[in-house]
Structure formats: C-alpha cells, structure tokens
Amino acid sequence: MICGYDVLSRTAISEFTARYGRPPRWVVAAPGRVNIIGEHTDYSGGFVLPMAIDRYVVIAAAPAPAPADGESLRLRLHSAAVDQSVDIPLAATPAPGEPGWANYARGVVAGFGARGLVAPGLDALAISDVPLGGGLSSSAAFEVATATLLETALGKTLDPTEKARLCRQAEHDYARVPCGIMDQLISVLGDEAGALLIDCRSQQTRLVPFADPSVSLLIANSNVRHSLGDGAYAARMSACVEAAQKLGVAELGAASVATVAAAEQVLGPLLFRRARHVVSENARTRAAADALAGGDWRAAGALMYESHQSLRDDYEVSAPELDTLVELASDIGVAGGVYGARMTGGGFGGCTVTLAASDRVADIGERLAREYQRRHDRPLTWFVSRPARGAHVVDT
C-alpha cells in the first residue's frame with residue numbers, strides 16, 4: 001500500500017535536491033488528525049478521541065555547509081506550499097516574526113534550545129497535504145515534523161509526551177493559540193490500529209481499535225478557513241477557566257454533569273452553557289470510545305450528532321456551512337450508510353467528520369458535495385482516511 005507520506009516524500013526529495021543541489025540525508029513525516037469526538041475539552045483537562053489521518057507534513061533535510069567565520073548555526077527552511085524560505089538561528093532563541101508560518105518552527109527550535117539541545121546547521125524543505133485552516137491540525141503536524149527532524153539530526157529521542165508538550169508550548173508562545181495537548185500528542189503517537197482516547201488531565205492514552213473495514217471516516221472540508229488566533233478560541237478558554245473557578249475545581253474536566261447543572265445560577269447563562277458543553281462532551285467521548293471499540297456504530301453516531309448540537313448551541317463554535325453538512329448527513333441517515341456526523345476541530349469553519357458504511361462512502365461524499373454546492377455556492381472537498389502512523393523518520 002502506498003501511503004500519503006510516501007508520495008510526499010518522493011516530491012520532497014526531488015524538490016530538495018533541485019533547490020539545494022544535493023539529496024537530503026533525512027526525511028521525516030508527521031500526520032494531521034481528525035477528532036472523532038471530544039471537542040474543546042482538551043484545554044480543560046477533558047477527554048478527546050482523535051485519530052491520526054493519512055495526510056502529512058513531510059520535511060526533507062541535510063546538514064548545511066559549514067558556516068563562514070562569524071556566521072551562526074541556522075536552520076534554512078523552505079516551504080513548498082508558499083514558496084518562501086526563512087533562516088532560523090539554532091544557537092540563540094529565535095524571536096517570533098514574519099513570515100507567520102515559520103513561527104511554528106521557530107517555537108520548536110526555541111523549545112529544543114531551552115532544553116540544551118542545539119542542532120547542527122540544517123537545510124530543509126517542507127511540503128504538506130494537510131488542508132490549511134481546515135481544523136485537521138496542520139500546525140501541530142508542522143511542529144511535530146520539525147521536532148522529529150531536530151531529534152533525528154541530533155541523534156536524540158525525546159519522551160513522546162514531552163515532545164508533544166514542547167510542540168504545544170511552541171504554539172502557545174509563537175502562534176499565540178492557547179491550545180490543549182490533543183493535536184500534538186496524536187501527531188506524535190498516531191497508531192494505524194485506531195484512534196486514541198486521551199485523558200488530557202493525566203495525558204494518559206488508550207488505543208480504541210478502528211480496524212473494521214466495513215466502516216470509514218469521511219472528512220468533508222467546507223473550504224471555509226478558520227483562524228484560531230483571532231480571539232474567539234482564547235475567549236472560550238477564558239470562559240472555561242472562569243467557570244472552573246466558580247465551581248471550585250482546578251479544571252472543568254474535573255467537574256461532573258450534575259455539578260454544573262446544580263450551579264446554573266452561580267455560573268450565569270453564558271458560563272453555564274460553556275461548562276455544560278465541556279462536561280457533557282466528556283461523558284459523550286468516553287461513551288463513544290466504548291461504542292466504537294464494541295462496533296456499535298449507531299450508538300457512536302448518535303453521540304456524534306449530540307456533540308455537534310452542543311458545539312453549535314452551547315459552545316457556539318459551529319458555522320452555517322458545518323451545520324448544513326451535518327444536516328445533510330443526517331438526512332441520508334443509516335438507510336443511506338451514515339451513522340453520525342459532527343463538526344471537527346476548532347470550529348468557525350473547517351471540516352466535518354462522518355461515520356459511514358465503507359461501501360456507501362463514495363455515494364455519500366458525492367451527495368454531500370452536490371447539495372453543499374447548491375446551498376452555499378461553494379465547492380466541497382472530501383476524502384476518506386484510515387488510522388495513520390504517527391511521526392517518524394521515512395525509510396527512503
């Protein structure tokens with residue numbers, strides 16, 4: 001089977017060789033992810049159920065020529081997506097700056113430097129097929145791929161959870177997005193056998209098998225790009241922190257549905273809705289993990305619909321285009337091969353994820369695209385992914 005990173009790797013090798021005049025020594029890959037259920041709970045110490053997808057960021061690299069006298073070690077990184085190159089200092093803490101896409105790599109370099117790990121000078125080229133702004137963790141994949149490259153060049157291997165924490169800190173400090181650890185952790189630990197149930201408070205993980213060939217995950221990209229750095233994401237996180245303080249718990253993930261229900265007057269309308277989403281989503285996520293592990297597709301699908309309703313109404317992070325896609329999936333229903341659907345990712349645009357019968361998935365994707373185009377005068381792009389391997393060095 002030819003995996004996505006194999007195709008990308010060949011392209012990365014070819015483009016690196018053309019740009020730098022020699023072949024790369026290393027090629028590394030890190031996947032994006034789709035979150036099956038458990039949205040906007042990770043930064044509250046809740047439960048999430050992501051799956052690594054076979055869409056990757058691939059970086060090809062080689063040691064740089066020895067620097068001239070007076071020059072410092074640097075990572076010269078070219079992005080094939082935007083056809084831009086940057087120089088990132090390796091022996092000093094890089095400052096955030098322009099172009100913005102390079103801040104994810106700058107933050108990772110800074111994280112390695114803070115741990116006393118300074119890589120040799122590197123020439124590198126990055127290429128990706130993770131949709132940008134689609135809620136499929138293109139930024140986390142880029143961070144984790146960069147970290148994997150630095151590990152490889154240094155001959156060091158970080159503890160996987162520590163590596164994810166380093167990459168999360170890069171996003172906090174350099175992209176100004178106060179995300180939880182889900183995206184980075186699944187990009188590091190992705191498993192071809194299934195999804196991972198992650199307790200974001202303890203950062204413990206449990207594999208949830210998803211190997212039955214009769215069911216698939218269809219990922220539909222609304223092509224409405226979202227941005228998590230515009231303040232709406234941070235506002236939701238702040239509301240969760242405030243709600244936890246009023247409930248007397250360290251994080252909302254430690255509260256129960258009953259606790260939040262009893263505190264409606266204390267919390268007030270807005271904080272109550274935000275908190276109700278988090279605690280009910282935690283319960284749904286644990287139940288969905290059990291349903292998927294047991295092959296109860298209808299039960300898992302019903303929980304996905306409930307999750308979308310909560311995200312739309314209580315957390316207010318959906319968008320009309322996402323609501324349309326979930327509505328269309330529901331209209332197709334079990335008779336047409338759809339078990340459930342929901343928005344996935346940060347929201348305000350991006351993608352939906354649909355649990356569907358594999359033998360009907362092509363018809364479902366085509367129907368969603370046709371009806372979505374008719375209603376919103378906008379193209380839909382969709383694909384199907386099986387569980388994918390986490391970050392690794394590609395055998396070239």
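Trainee: Which residues lie nearest the centre of the largest pocket?

Mentor: This is a predicted model, where local features need pLDDT of at least 70, side-chain atom pairs count only at pLDDT 80 or more, and totals for chains, interfaces and linings use all residues. Residues are numbered from 1 along each chain as its sequence is written, and side-chain values use heavy atoms, without hydrogens and water. A pocket is an open set of 1 Å grid points where a 1.4 Å probe fits, with protein on both sides within 12 Å along at least five of seven lines; lining residues have an atom within 4 Å of a point. Of the 43 lining residues, those nearest the centre are Y104, L132, G133, S138 and S139.

Trainee: Which element gives the most to the lining of the second largest pocket?

Mentor: Its lining has 13 residues, with T148, E151, T157, L158 and K163 nearest the centre. Two or more residues come from each of α3, α4, α5 and β12 (392–393). With 3 residues, the leading contributor is α3.

Trainee: How many residues of α3 are buried?

Mentor: Helices are DSSP runs of H or I with at least four residues, and strands are runs of E with at least two. Counting as buried those under 20% relative accessible area (1.4 Å probe, protein chains only), α3 is mostly covered, and of its 17 residues the buried number is 15.

Trainee: How far apart are the end C-alpha atoms of helix α3?

Mentor: The expected span is 1.5 Å times one less than the number of residues. Residues 138–154 make 17, so the helix should span 24 Å. The end C-alpha separation agrees, at 24 Å.

Trainee: Which residue just after α3 takes a positive phi?

Mentor: The position directly follows the helix. With phi of about 70 degrees, the residue is G155.

Notes. Buried < 20%, exposed > 50% of the residue type's maximum accessible area, 1.4 Å probe, protein only.
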